[in-house]
Amino acid sequence: MYGDGDSAPTTEDYPTNPTTPYGMTKLAGEFLLKSVAKSAGMFAISLRYFNVIGTSTEDKRDTGRTNLLPIIRHNLESDAVTSIYGSTHQTHDGTPVRDYISVQDIADLTLYSVRFLEGLTESNRTEFYDVFNAGFGVERSVLDVVNLVNECLPEGEELSIHFSA
């Protein structure tokens, strides 16, 4: 949504500059929602989720290979090496950083947003639209997450990592 910005934390008024089709379609969706809210007298909120991580229950866990925790979990279960792509980023440890937020926090935020919108129906407003970032404003590096996982493992166990270009 914000591209490769250098501002942390990123606020809602930070210029949007999506660099992927995913980000471009999210921004287009926001534009459409704002237009409809204004023209039809609706109440709407766009939540800009940052890097959602975790699950509320075991049966709903992400088993894909594109997100950090499922990759780490798979590699722990199969005794495989975890590749960290990049060790020369302009970060405290050279690895990429993200603003992670839990699935449960996203669920709570969504419910709060719905309740907020429900409260507007009793006001004199004729329309409402706003955008809210859904993150903590705290960046954690890939290596930070790996180190946290290692701290949670039984003594003597450690996730094997390899830095890739």
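1. A place to start is Ser-141, which lies in strand 7, a strand made of residues 140-141. The model discussed here is a predicted one, and in it Ser-141 is buried, since its relative accessible area is 0%. When its neighbours within four places in sequence are left aside, Ser-141 is in contact with His-92, Asp-93, Thr-95, Pro-96 and Val-97.

2. The largest nonpolar core consists of twelve residues, among them Ile-53, Leu-68, Ile-72, Ile-84, Tyr-100 and Val-142. At least two residues of this core come from helix 2 (68-78), and at least two come from helix 4 (142-152). Helix 4 gives the most, with five residues. Val-146, which is one of the core residues, touches Ile-72, Ile-84, Leu-159 and Ile-161, when residues up to four places away in sequence are not counted. There is also a second, separate core of five residues, and this one includes Ile-45, Leu-117, Leu-120 and Phe-128.

3. Helix 1 takes in residues 21-40, and its length can be checked in a simple way: at 1.5 Å a residue, its 20 residues should span 28 Å, and because the C-alpha atoms at its ends are 28 Å apart, the two values agree.

4. Which residues of helix 1 are buried? They include Gly-23, Glu-30 and Ala-37, and because these residues cover an arc of only 50° around the axis, they sit on the same side of helix 1. Pro-21, Thr-25, Phe-31, Leu-32, Ser-39 and Ala-40 are exposed on the other side of the helix. The buried residues of helix 1 are covered by parts of the structure that include strand 1 (43-49) and strand 6 (128-134). After helix 1 comes Gly-41, a residue whose phi is positive, near 70°.

5. The second largest pocket has a volume of about 740 Å³. It is lined by 27 residues, of which Thr-66, Asn-67, Leu-68, Leu-69 and Pro-70 are the closest to its centre. Two or more lining residues are given by each of strand 2 (51-53), helix 2, strand 3 (82-85) and helix 4.

6. Although Asp-79 is not a glycine, it has a positive phi of about 55°. Is Asp-79 buried or exposed? With a relative accessible area of 71%, Asp-79 lies over the 50% cut-off and is therefore exposed.

7. Val-52 has a relative accessibility of 38%, so it counts as partly exposed. With neighbours within four places in sequence left aside, its contacts are with Ile-101, Ser-102, Val-103 and Ile-106. Between Val-52 and Asp-108 there is a separation of 56 residues in sequence, while the distance in space, taken from C-alpha to C-alpha, is 13 Å.

Methods: Residues are numbered from 1 along each chain as its sequence is written. This is a predicted model: local features need pLDDT of at least 70, side-chain atom pairs count only at pLDDT 80 or more; totals for chains, interfaces and linings use all residues. Side-chain values use heavy atoms; hydrogens and water are left out. A nonpolar core is a set of buried Ala, Val, Leu, Ile, Met, Phe, Trp, Tyr and Cys residues joined through side-chain atoms within 4.5 Å. Buried means under 20% relative accessible area, exposed over 50%, partly exposed in between (1.4 Å probe, protein chains only). Helices (H or I, at least four residues) and strands (E, at least two) are DSSP runs, numbered from the N terminus. Contact means heavy atoms within 4.5 Å. The expected span of a helix is 1.5 Å times one less than its number of residues. The arc is that of the directions from the helix axis to the C-beta atoms. On a 1 Å grid over the protein atoms alone, a cavity is a set of points where a 1.4 Å probe fits but cannot get out, and a pocket is an open set with protein on both sides within 12 Å along at least five of seven lines; lining residues have an atom within 4 Å of a point. Grid points are joined across faces, edges and corners, and a volume is the space filled by probe spheres set on the points.
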